[in-house]
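I opened the model to go through its helices, its ligand shell and its core. My notes follow in the order I looked things up.

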Amino acid sequence: MSARPLVNASESEAEIPQALSIVELILMLLAVAGGTFAAAVVLPLWLPGLAESLLGSEPKAFWYLARTTGVVAYLLLWLTIVYGLVVSNKMARLWNGGPTAVELHQFITWLAVAFGLFHALILMGDKYIKSNLTQIATPFAYAGYEPFWVGLGQVAFYLTLIVAASVYVRKWMGYRAWRTLHYLSFVIYFLLTLHGFFSGTDTKASPVLAMYTLTSVVAYFLLIVRILNAVRTARPTHNAAAKSTSHSAPAR
Ligand code: HEM
C-alpha cells in the first residue's frame with residue numbers, strides 16, 4: 001500500500017474525509033455524558049459494594065475514575081499526536097496510509113476528547129474537593145487542588161476541542177489557517193504533559209513516571225524529525241528560487 005502524508009501541498013485544497021459526522025460526534029459526546037451519569041447514579045444502585053465507595057462518608061470511586069480516565073485520555077492524545085507525526089513524516093507505509101490513516105488520526109482525537117470530558121466531569125462526584133460544574137469548566141478556577149496545573153489541563157482541553165473541530169470548518173477557514181491552527185497540537189501535548197505530571201496523584205508511581213518519560217521521548221523525537229524534514233524540503237525550493245532568479249537576471 002502506498003503511503004500519503006496527512007496533508008501535502010497537492011491535497012491542500014481537497015476535502016479531508018471526516019471520521020465522524022456532526023450527528024455521530026454529538027451522539028458520542030452524549031454517550032459520554034450518559035456514561036458519566038451511569039457511573040455516578042446507576043452503578044451504585046446495581047452494585048451496593050461500589051455504592052459504599054461512591055456514596056459513603058469518604059467516597060473514592062469518582063476520584064479513581066478521574067485518575068484512570070485522565071491517564072487513558074493522555075495516552076490517546078499522545079497516540080493521536082504520534083500518529084499524526086508518523087503520517088506527516090511519511091512513515092505510515094510501515095503500517096497503513098492514506099484515508100485510513102487520516103480517519104484513524106481523527107477518530108483517536110475524538111476518543112481522547114471523550115475520555116477527557118469524562119475525566120473532568122466525573123470530578124463533580126468527588127466529595128473531597130467538592131468542585132462544581134463552573135469550577136470544572138472555567139480554566140484556573142479549580143479551587144482547592146492545584147488550580148494552576150489543573151488550569152493547564154482545562155486550557156488544553158478547550159484547545160483540543162478547537163483543533164479537533166476545525167476539520168469541519170476547514171473549507172471556510174482556508175488551508176493555511178487550518179494548518180497553522182493544527183500546530184497548536186504540540187502546545188496542547190506540552191500543556192497536558194505538565195497537567196498530568198504536576199496535578200496527578202499517580203506521578204510518584206514508577207510505571208506512571210516511566211509512561212510520561214517514554215511517551216515524551218517518542219513524541220519529541222518524532223517532532224524533531226518532522227522539523228528536520230520540513231527544513232530539508234524547504235531548502236531545495238529556496239535554492240531553486242535563487243537559481244531561477246540568477247538565470248532570469250539579465251546579463252550585463
Ligand atoms: C483531554 C484533556 C485532559 C487530559 C488528557 C488529562 C489528563 C490527566 C492526567 C494524565 C492526570 C494524572 C492522573 C493521575 O496521575 O492521577 C490528570 C489529573 C487531573 N486532571 Fe486532567 N486531563 C485533561 C483535562 C482535565 C480537565 C478539563 C480538568 C478539569 C477540572 C482536569 C482535572 C484534573 C484533576 C483535578 C487531576 C488530578 C487528579 C488526581 O487527584 O490525581 N483534567 N489529568
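I began with the span of helix H3 (61–88). H3 has 28 residues, which at 1.5 Å a residue should span 40 Å; I found its end C-alpha atoms 40 Å apart, so the two agree. The expected span is 1.5 Å times one less than the number of residues. Helices here are DSSP runs (H or I, at least four residues), numbered from the N terminus. Residues are numbered from 1 along each chain as its sequence is written. The model is predicted, so I kept to its limits: local features need pLDDT of at least 70, side-chain atom pairs count only at pLDDT 80 or more, and totals for chains, interfaces and linings use all residues.

After H3 comes Lys90, with a positive phi near 60°.

Next I checked H9 (184–199). H9 has 16 residues and reaches 22 Å from first C-alpha to last, close to the expected 22 Å. I listed its buried residues: Ser185, Ile188, Tyr189, Leu191, Leu192, Thr193, His195 and Gly196. Buried means 20 or more other C-beta atoms within 10 Å of the residue's own, exposed means 12 or fewer, and partly exposed lies in between; C-beta atoms are placed from the backbone.

Then I turned to the core. The largest nonpolar core has 35 residues, and Leu77, Ile122, Tyr189 and Leu192 have the most contacts inside it. H3, H4, H6 and H9 each supply at least two of its residues. H3 gives the most, with 13. Such a core is a set of buried Ala, Val, Leu, Ile, Met, Phe, Trp, Tyr and Cys residues joined through C-beta atoms within 7 Å.

Which residues does Leu77 touch? Leaving out residues up to four places away in sequence, I found Ala112, Tyr189 and Leu192. Contact means C-beta atoms, placed from the backbone, within 7 Å.

I looked at the ligand next. Of the 30 residues around the ligand, Gly70, Gly116, Gly196, Gly200 and Asp202 come nearest. A residue counts as near if its C-beta atom, placed from the backbone, lies within 6 Å. H3 gives the most to this shell, with 7 residues. The shell divides into 16 nonpolar, 12 polar and 2 charged residues.

Last, I checked the loop between H5 (133–137) and H6, where Phe140 sits. Phe140 has a positive phi near 70°. Phe140 counts as partly exposed because it has 14 C-beta neighbours inside 10 Å. Glu146 is in the loop between H5 and H6, and its phi is positive, near 40°.

Terms used. Nonpolar A, V, L, I, M, F, W, Y, C, P; charged D, E, K, R; others polar. Contact = placed C-beta atoms within 7 Å.
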